[in-house]
Amino acid sequence: MAVPTPRTYVAAEFETATILNGDIRDTATFLLGPPHCYAYRATDVSIPTSGVWALASLTGELYDSTTTMHSTASNQSRIIAAETGLYTIKAHARFAANATGARGINIRKNAAGDQTLGTDLFFTFSLPSSGNIGYVFGSVDVQLNATDYVEMFVNQSSGGALNLLGGVTESFMSARWVSKL
């Protein structure tokens, strides 16, 4: 459903069911369920090269309110803006236990699967301690045009291969439309 455009009324205009449905019902329906999506990595995957950014393929979905924001069949790394507006993007990556090095995530807009392209939206690193599992997470509000997309890139510097853990709550990215621009 597109973002409703409120009607401008004129003097002595009669309200009809069509007008009221378009202005009140459709607006309330949109605001109660704006475009939103939650995609996650379903299984563990090895991040083979220490210190190199890897595109996170999100192979599962918890929800996609529009059925067009994420695909588990093609471009699995992308969450695509369904409508132009301000979106809250959340990202979380969980790595296998290893006390060496750092873990990072980078969220980019329209990067075409390449961490050096597109627009950098969010970047953070964390340091695991005592061999504990490394978590990296964050969120950002960003203006997106319809069909813009965001991707998550992950990085680990353990000195060797290290698994990015799969599961609904382990490695994921979500997007939710917040408002018009």
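Aromatic pairs come up 5 times in this structure, which is a predicted model. Rings of Phe, Tyr and Trp (its six-membered ring) count as a pair if their centres lie within 6.5 Å, with planes under 30 degrees apart called stacked, over 60 edge-to-face and the rest tilted. Take Tyr38 and Tyr63: their ring centres are 5.8 Å apart and their planes meet at 45°, so this pair is tilted. The two residues come from distant parts of the chain, with Tyr38 in strand β1 and Tyr63 in strand β4 (residues 60-64), 25 residues apart. Strands (E, at least two residues) and helices (H or I, at least four) are DSSP runs, numbered from the N terminus. Tyr38 is buried, at 11% relative accessible area, whereas Tyr63 is partly exposed, at 36%. Here buried means under 20% relative accessible area, exposed means over 50%, and partly exposed lies in between (1.4 Å probe, protein chains only). Ring pairs also bring in Phe172, making a cluster with Tyr38 and Tyr63.

The charged end of Arg78 sits over the ring of Tyr149, 3.9 Å from the ring centre; to count, CZ of Arg or NZ of Lys has to be within 6 Å of the centre and within 35 degrees of the ring normal.

Then there is the inside of the protein. The largest nonpolar core has 34 residues, and Ile89, Ile107, Met152, Val154 and Met173 touch the most other members. Such a core is a set of buried Ala, Val, Leu, Ile, Met, Phe, Trp, Tyr and Cys residues joined through side-chain atoms within 4.5 Å. Elements giving two or more residues to this core include β1 (36-40), β7 (103-109) and β12 (172-179), while β6 gives the most, with 5 residues.

The chain as a whole has 1 helix and 12 strands. Of its 181 residues, 43% count as buried, and its C-alpha atoms fill a box of roughly 75 × 30 × 25 Å along the principal axes. Tyr9, found in the segment before α1 (17-32), is partly exposed, with a relative accessible area of 40%.

A note on how things were counted. Residues are numbered from 1 along each chain as its sequence is written, and side-chain values use heavy atoms, leaving out hydrogens and water. In this predicted model, local features need pLDDT of at least 70 and side-chain atom pairs count only at pLDDT 80 or more, while totals for chains, interfaces and linings use all residues.
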